[in-house]
Amino acid sequence: MRNGYFITDYHCHSTVSPDGRSTMREIAEAAVALGVDDLCFTDHIEPLPWDRWNEPPKAKHSYDWSPMLAQFREAQEAVGGRIRLHLGAELGECSFAPEVAESFLEDAPPLDFTIGSVHCYRTASGEVNDLTWIKSTDPAVWYAACESYLDELEKLVDWGRFEVLGHLTLPLRWAKELRGVELDFDRYEEQLRHVMRRAIERGIGIECNTNRGHRPLPDGKWLKIYRELGGELITLGSDAHTPEYISRAMEERQALLKECGLRYLATYEQKKPTFHKI
Ligand SMILES: [Zn+2]
């Protein structure tokens, strides 16, 4: 408990991720020091080759899960019973290559939790492009990417082999942080409502990504809509890639969920949610 709150962080990355900078052990030790009660590692598993999104996936569709398991065991040994640790994954870009993602999952160890997420979109010529690769400060370029991003989210939720949808409205983060462009997702309300409705029907939750303490993804407007649509399956995740951001702003974001009418925060074990009253 921290400041009277049960603290969970269900989105963080270790060096098992191509862009992670700390080991699971370092993250787990930091989490204990920060008073986190329950932490789930969610390293990136991508069916497309990382950062070379247009290269065809390897002929043999397999993922080597052993470094993840080795790091997880080391972290568990280091922190003992001082925190609840869970093993999960962030499954990115699965709508672009679902058959590859499925073969990765066939060989997966028992995971507690998975996030389905989209970081890429298709250009008008059909190439896969990463949102972070957009150099333009022209909002029209970003909106074209958002439209494709939303199409991919729809395909992702139809695929559905994960527990929560990660960081909905992610283009807002990259447009702002990388290029200083403010986007407005209100124009996509119908489509986002559709994605959330479909998720609820399928028993898939959403994440409120606390974005290391910056603007939450999704923010209050969408959290209220999610609740209004009947959604109540939600996790909180910092998306930390380094220990200092673990569990950042979790108390404030729990308060935000409550303000938006949400009553529970979820943690997962073997893909089954436990609801914690907030
Ligand atoms: Zn992500």
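This is a predicted model: local features need pLDDT of at least 70, side-chain atom pairs count only at pLDDT 80 or more; totals for chains, interfaces and linings use all residues.
Stop 1: Begin by showing the strands. You will find an open sheet of seven strands, paired in parallel and ordered β1-β2-β3-β4-β7-β8-β9. Its edge strands are β1 (8-9) and β9 (234-237), each pairing on one side only. At the β9 end, select β8 (residues 205-209): four bridges join β8 to β9. One place to look is E207, whose bridge partner in β9 is T235.

**Stop 2: strand β4.** Now select residues 113-117. How many of the five residues of β4 are buried? Five of the five are, so this strand is largely enclosed by the rest of the structure. Turn the view to see both faces: F113, I115 and S117 lie on one side, T114 and G116 on the other.

Five bridges pair β4 with β3 in the parallel sense, and L91 stands opposite G116. β4 is also joined to β7 by two bridges, again running parallel; here I115 has V164 as its bridge partner. Show helix α3 (residues 98-106) too, and you have a right-handed β-α-β unit made of β3, α3 and β4.

**Stop 3: the zinc ion.** Select the zinc ion with E90, H119 and H167. These are its protein donors, through OE of E90 and NE2 of each histidine, at 2.0 to 2.2 Å. E90 sits in strand β3 (residues 84-92) and H167 in the loop between β7 (164-165) and α5 (170-179), so this pair ties together parts 77 residues apart in sequence. Are E90 and H167 buried or exposed? Both are buried.

**Stop 4: helix α1.** Select residues 24-33. The buried residues here are M24, I27, A28, A30 and A31. They span an arc of only 160 degrees around the axis, which puts them on the same side of α1. Their cover includes β2 (38-45), α2 (66-79) and β3. Just after the helix, pick out G35, which has a positive phi of about 80 degrees.

**Stop 5: the nonpolar core.** Finish with L39, F41 and L165, which touch the most other members of the 89-residue largest nonpolar core. Helix α4 (residues 139-159) gives this core its largest share, ten residues.

Definitions and conventions. Residues are numbered from 1 along each chain as its sequence is written. Side-chain values use heavy atoms; hydrogens and water are left out. A nonpolar core is a set of buried Ala, Val, Leu, Ile, Met, Phe, Trp, Tyr and Cys residues joined through side-chain atoms within 4.5 Å. Buried means under 20% relative accessible area, exposed over 50%, partly exposed in between (1.4 Å probe, protein chains only). Donors are N, O and S atoms within 2.8 Å of the metal (3.2 Å for Na, K and Ca); water is not among the atoms, so sites may look incomplete. The arc is that of the directions from the helix axis to the C-beta atoms. Contact means heavy atoms within 4.5 Å. Two strands pair if DSSP finds at least two bridges between them. A crossover is right-handed if, with the strands pointing away from the viewer, the path from the first strand over the helix to the second runs clockwise.
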